[in-house]
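I opened this entry to look up charged pairs and nonpolar surface. My notes follow the display.

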Amino acid sequence: MRAIWSGAVSFGLVSVPIKVYSATSNHDVRFHQVHGEDGGRIRYKRTCEVCGEEVTYADIVKGFETPDGELITLDDSDLASLPVRTGHEIDVIEFVPNDQIDPMLFDKSYYLEPETKAAKPYALLREALEETDRTAVVKVALRQRETLALLRVRGKAIVLQTLIWQDEIREPEFDILDNEVDLKPQELKMASSLVESMGADFDPSEFHDEYRDAMADLIEAKKSDGDARPAPAAEAADDGGDSMSDLLSALQASVDAARSTKSNSGSGSGSGSAEKKAPARRSSSRTRKAEEKDTGTGTDDAKPAKPATTRRRSTKKTA
């Protein structure tokens with residue numbers, strides 16, 4: 001596993017340096033959206049619904065639309081003014097009984113690993129939580145945003161369990177639950193007897209994702225039947241280049257080659273008469289190189305590389 005965060009657990013005057021690791025992983029079969037005809041990957045562009053133009057990330061800001069239809073935009077400087085915790089400390093606020101924690105609040109789980117020199121205070125905190133049957137309520141800033149979390153024990157490890165906020169839990173608003181239901185004692189006794197007969201100790205390893213297994217079998221069967229094809233490689237044109245950028249690249253390469261030729265010609269001149277003729281030779285050399293570019297001839301080291309679109313345009317002009 002790779003640590004995603006490092007810091008320290010602080011309670012009282014005790015500080016425990018730790019590393020944080022994600023405790024869960026998603027094993028779902030992941031798919032790409034592809035074109036059914038040729039297998040090409042489907043890509044999405046960020047476009048503005050007002051002007052219709054494609055927008056880069058640098059030009060995107062956060063926007064909040066008010067209930068009365070007004071738009072409030074926030075840029076990086078606005079977000080920087082928010083009170084965000086940047087410290088790497090997990091501050092213990094209080095220790096609460098385990099049975100007072102509503103599982104509905106649970107969000108994501110992380111393992112805490114102690115640094116080498118912090119093994120003893122780490123074990124001390126773990127055993128104290130076990131002995132008192134309590135959970136530590138903490139605040140921590142993961143990914144630049146402060147969140148409420150718990151420290152609880154799982155085996156020999158301390159788990160950081162992030163929580164959602166209380167106002168994020170929705171209440172069930174079902175009118176039918178307010179109706180009085182007449183439950184006869186005999187019916188309740190039979191239901192309780194059924195529950196007891198199906199009682200067991202929960203072992204999550206006995207259960208597995210049957211849908212994911214069936215999906216994996218389906219993919220393997222299609223592969224065995226020969227219903228597979230090589231994934232197509234994206235063409236170079238997919239990088240968003242256009243004719244203008246290709247032309248500028250070709251011109252820049254030409255300028256670089258011309259400067260290199262000029263430098264080599266100047267360093268090889270010896271006598272004064274040779275220096276007078278050098279400009280003519282350089283001009284002739286540039287003319288000859290331009291002809292070689294147009295006809296597609298010449299050595300590789302003399303011809304600057306061009307993008308594919310420029311070479312096709314040059315070939316069409318010669319034809």
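The entries below cover salt bridges, then a surface patch.

Entry 1. I am working from a predicted model. I asked how many salt bridges the rule gives. The count comes to 2 salt bridges. As background, I noted that side chains of opposite charge can pair when their charged atoms come close.

Entry 2. I looked up the salt bridge between Arg126 and Glu127, where N and O are 3.1 Å apart. Is Arg126 buried or exposed? Arg126 has a relative accessible area of 15% and is buried because the cut-off for that class is under 20%.

Entry 3. I then took the salt bridge of Lys139 with Glu146. The closest N and O atoms here are 4.0 Å apart, and the pair counts because the rule takes a nitrogen within 4 Å of a carboxyl oxygen. Lys139 has 30% relative accessibility and counts as partly exposed. Glu146 is also partly exposed, with a relative accessible area of 28%.

Entry 4. I turned to the nonpolar surface and asked which residues form a patch there. I found Phe64, Ile72 and Leu74. Together they have about 280 Å² of accessible area.

Entry 5. From that patch I followed up Ile72. Where does Ile72 lie? I found Ile72 in strand β4, which covers residues 71–74. Ile72 has a relative accessible area of 40% and is partly exposed.

Methods: Residues are numbered from 1 along each chain as its sequence is written. This is a predicted model: local features need pLDDT of at least 70, side-chain atom pairs count only at pLDDT 80 or more; totals for chains, interfaces and linings use all residues. Side-chain values use heavy atoms; hydrogens and water are left out. A salt bridge is a side-chain nitrogen of Lys or Arg within 4 Å of a carboxyl oxygen of Asp or Glu. Buried means under 20% relative accessible area, exposed over 50%, partly exposed in between (1.4 Å probe, protein chains only). Patches are made of residues with over 30% relative accessible area and no salt bridge: like charges are joined within 9 Å, nonpolar side chains (Val, Leu, Ile, Met, Phe, Trp, Tyr) within 5 Å. Accessible areas come from the Shrake-Rupley method with a 1.4 Å probe; for residues, only the protein chains shown count as cover. Helices (H or I, at least four residues) and strands (E, at least two) are DSSP runs, numbered from the N terminus.
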